[in-house]
Amino acid sequence: MKIAILGTGCPKCKQTAEVVRRAVEQVGIEATIYKVEDIREIMMFKVMTTPAVAVDGQVRISGRVPTMDEVKALLSHGGTE
Amino acid sequence: MSECCERKPAGESGLGTTCCEGARPADSSVPTSEAAPRTTAKYIIIGFLALGIWWMVYQGLSPFAKWFTFSLLALSPGSRLTSAVEFFVFEAPKVLMLLTLVVFAVGIVRSFFTPERARRILAGKRESAGNALASFLGVVTPFCSCSAVPLFIGFVTSGVPLGVTFSFLVSAPMVNEIALVLLYSLFGWKIAAIYAGTGLAIAMISGWVIGRLGMESHVEEWVYAVPGGGDEGADSPDVSWRDRIRSGLDSVRDIVGKVWPYVVAGIAVGAAIHGYVPENFMAGIMGAGAWWSVPLAVLIGIPMYSNAAGIIPVVQALLGKGAALGTVLAFMMSVIGLSLPEMIILRKVLKVRLIATFAGVVGVGILIVGYLFNALL
């Protein structure tokens, strides 16, 4: 699973990255977390608000810092749906 | 727009970007509680109770300020210190309480709107009608200037005309809930309505003018290469009331939690002016008689980056000392609506000439409002 944190490097994006990192740790799955900070690359995900979280290339959360439970739910349901 | 963007200490990441959307309801992809109806009823009852308590406390503020000033501190009536202290002890909790209530209400209203929905409504709209619609949507859609770039690109690439996009970008910061609450609580509904009306008019007209100027070529080329359309991300079709209330509470925590120091500082400055600056002191500098005061107020306002919460208590004190309403409105609009950090952020997608045009057109609009009110009142 690949998790992208989209955001131009603001405090909320860092918080988001931290929440995702901890969630991945707690769920205990294999996942690569990477940050996308370049605005052009962010736009490739078609988001209009940041921070955003994309799982396997699909945007699942945008415009806010997610809660731990949300991210855990995302992780356990996988990028399928 | 949410009052959520702060200038970051320099060097943290180049530009002063701070991402900070207001709270949003949970994504539909995340399972929410099953017992929704019962919890909703519980939330409504708690809500009414909270509102009742809020009202009683609010009513008690004025007696409390008097008691605090005259009985507890035993200050003698009529002195400068007394009037400053009473102003502060009354206004600070009052403004914070109003702010909490309105930010909560706006948080709920905004849970019905998303930038994605605004874009869908505006895509393909013709100008003029589109400009008007965009200005209204700018007020109710959760947005902050640090998301200006993705939002701008999202709009432009999915067929929202450039001028219409600008109407949105102008009205979103300028006509915001915090400005309206503070104006209402400190000056009454008339001035709040004047501010909202003229702010919307400036957004509509300046967006229309920018559209007429046909400056599409002054948008950075790569923007148009971004694939348009797509409604990915947070467009949650069925959000329960429970989630909406939660998003209201989240925005209170987010916004009030962040702006309260500015409000308190603003009121403290206001209190000092209230108590120590002589009546009509400002009349000479910011009065209606000085023609140069309006442009000066706008120029001073642009580099000043404050949110409405910090600036309005100062504005109230200025008005009380004889500054003219038009000048003060112009100053406020310039501080809130024309911010240098936002322009720097927009530089990523706009060429300098378009940014200058944008600032110029909006600036002229603000000037007209300033002169108009100085002439009328």
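This is a predicted model: local features need pLDDT of at least 70, side-chain atom pairs count only at pLDDT 80 or more; totals for chains, interfaces and linings use all residues.
Local features need pLDDT of at least 70 and side-chain atom pairs count only at pLDDT 80 or more, while totals for chains, interfaces and linings use all residues. Residues are numbered from 1 along each chain as its sequence is written, and chains are lettered from A and ligands numbered from 1 in the order in which they are written.

**Helix pair in chain A**

- Helix 1 (residues 11-27) and helix 3 (residues 68-77) of chain A cross at roughly 55°, and their axes come within 9 Å. Helices here are DSSP runs (H or I, at least four residues), numbered from the N terminus.
- That makes helix 1 and helix 3 of chain A oblique to each other (under 35 degrees is roughly parallel, over 145 roughly antiparallel, 65 to 115 roughly perpendicular and the rest oblique).
- The crossing of these two chain A helices is right-handed.
- Helix 1 of chain A brings residues including V19(A), V20(A) and A23(A), and helix 3 of chain A brings residues including M68(A), V71(A) and L75(A). Contact means C-beta atoms, placed from the backbone, within 7 Å.
- By class, the contact of helix 1 with helix 3 of chain A has eight nonpolar, two polar and two charged residues.

**Helix pair in chain B**

- Helix 4 (residues 129-140) and helix 8 (residues 189-212) of chain B pack at about 135°, axes 9 Å apart.
- Helix 4 and helix 8 of chain B are oblique too, and their crossing is right-handed.
- Among the residues making the contact are A132(B), S135(B) and G138(B) from helix 4 of chain B, plus L200(B), A203(B) and W208(B) from helix 8 of chain B.
- The class count for helix 4 with helix 8 of chain B is six nonpolar, four polar and no charged residues.

**Burial in chain B**

- Helix 12 (residues 293-301) of chain B has S293(B), V294(B), A297(B), V298(B) and G301(B) buried. A residue is buried with 20 or more other C-beta atoms within 10 Å of its own, exposed with 12 or fewer, and partly exposed in between.
- Those residues cover an arc of only 135° around the axis, so they sit on the same side of helix 12 of chain B.
- L329(B), in helix 14 (residues 325-337) of chain B, counts as buried with 26 C-beta neighbours inside 10 Å.
- Beyond neighbours within four places in sequence, L329(B) is in contact with Y195(B), V369(B), G370(B) and F373(B).

- D56(A) has a positive phi of about 45° without being a glycine. Most residues other than glycine have a negative phi.
- D56(A) lies in the loop between strand 3 (52-55) and strand 4 (58-62) of chain A (strands are DSSP E runs of at least two residues).
- D56(A) is partly exposed, with 13 other C-beta atoms within 10 Å.

Terms used: The arc is that of the directions from the helix axis to the C-beta atoms. Two residues are in contact if their C-beta atoms, placed from the backbone, lie within 7 Å. Axes are lines fitted to C-alpha atoms, for helices over the stretch in contact, and angles run from 0 to 180 degrees between N-to-C directions. A crossing is left-handed if the near helix is turned anticlockwise from the far one by less than a right angle, and right-handed if clockwise. Ala, Val, Leu, Ile, Met, Phe, Trp, Tyr, Cys and Pro count as nonpolar, Asp, Glu, Lys and Arg as charged, and the others, Gly among them, as polar.
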